[in-house]
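Hello,

Please find the structure below. My notes on it follow.

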Amino acid sequence: MAETITQLSISAPYEDYDKITGLLTLEVNFGWEEQSLPNGDCVWQVHCENGDFLQSLAHKIRALAPEAECAAREIEKQDWTSAWREFFTPVKAGPFVVLPPWLGNSEKETIIIEPKSAFGTGHHETTVLCLEALGDLLASDRARPGQSFLDLGCGTGVLGMACAKSGLEGIGLDIDPLAVENAEENILLNNVSGFRVEAGSMERVAGKKFDLVLANILAAPLREMAPLVAASLKDKGALVLSGILDIQADGVEEAYRQNGLPKAARLASGEWRALIFRKDV
């Protein structure tokens, strides 16, 4: 008989994003999956062998966010690494190619990703949009070797490694310790220098300014952090925001324009949008 594991699925309006993510940060130290739906709702999935823990978590979520829907079910426990080997195909995004270790090579534009639980294998449209935006900035000399960068919500570190392989130097931040661990492993796999990762968010770089900031997160936290993220840009700096649905893009852009940034250029892939701000002062 196959081993099983409990999956808790949570869905809620994006207005509840901060409440639920805050609770998950406190309660689920082993990580979770999250995504935005085309209607703007947010979905989280937590996997755990302890079904009682997930029942308790669901009770706390319903108490905190009454509109949230929680559903638990038993699923077959999988060997995720073997599953990734079957489905992880190369990804071409702008000048970059993202590959798993078993298909990797040493070309400058190739980024090797060991697929684990952290977000950012390059397959998701939001990651592709960020890599394409970075390629455009490099082609126009707005991003160039020797500049500094911040990869906010770095996940596997794919965006930071693309920057480092292009000659920039910087830091990646993620609130998920599993993501930080995965990113550090990928940095070693890619043999890149000038890129380090730390656990945390904007508080880790308070007072620092960067030539390039990339943030592939979700619309709600991007709006909330707009004052801090906008303030972290140097004069003539560039900002790439992703993880934004089409229906959310105007609201996110307005939050950053209220903090002194100009009108953003946009890249699109299906329902997803990336905003590219070029600071001109």
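A salt bridge here is a side-chain nitrogen of Lys or Arg within 4 Å of a carboxyl oxygen of Asp or Glu. Side chains of opposite charge can pair when their charged atoms come close. By that rule, a search of the whole structure gives 8 salt bridges.

Before the details, note that this is a predicted model, in which local features need pLDDT of at least 70, side-chain atom pairs count only at pLDDT 80 or more, and totals for chains, interfaces and linings use all residues. Residues are numbered from 1 along each chain as its sequence is written, and side-chain values use heavy atoms, with hydrogens and water left out.

Arg 266 takes part in a salt bridge with Asp 250 (2.7 Å, N to O). Asp 250 is in helix α9 (residues 246-257) and Arg 266 in strand β13 (residues 265-269), 16 residues apart. Helices (H or I, at least four residues) and strands (E, at least two) are DSSP runs, numbered from the N terminus. Arg 266 also forms a salt bridge with Glu 253 (2.7 Å, N to O). Glu 253 lies in helix α9, so this pair ties together parts 13 residues apart in sequence.

Glu 253 is buried at 5% relative accessibility, while Asp 250 is exposed at 54%. Buried means under 20% relative accessible area, exposed over 50%, and partly exposed in between (1.4 Å probe, protein chains only).

Elsewhere, salt bridges link Arg 196, Glu 198 and Arg 204 in a network.

Lastly, the backbone. Most residues other than glycine have a negative phi. Asn 191, not a glycine, has a positive phi of about 55 degrees.

Regards
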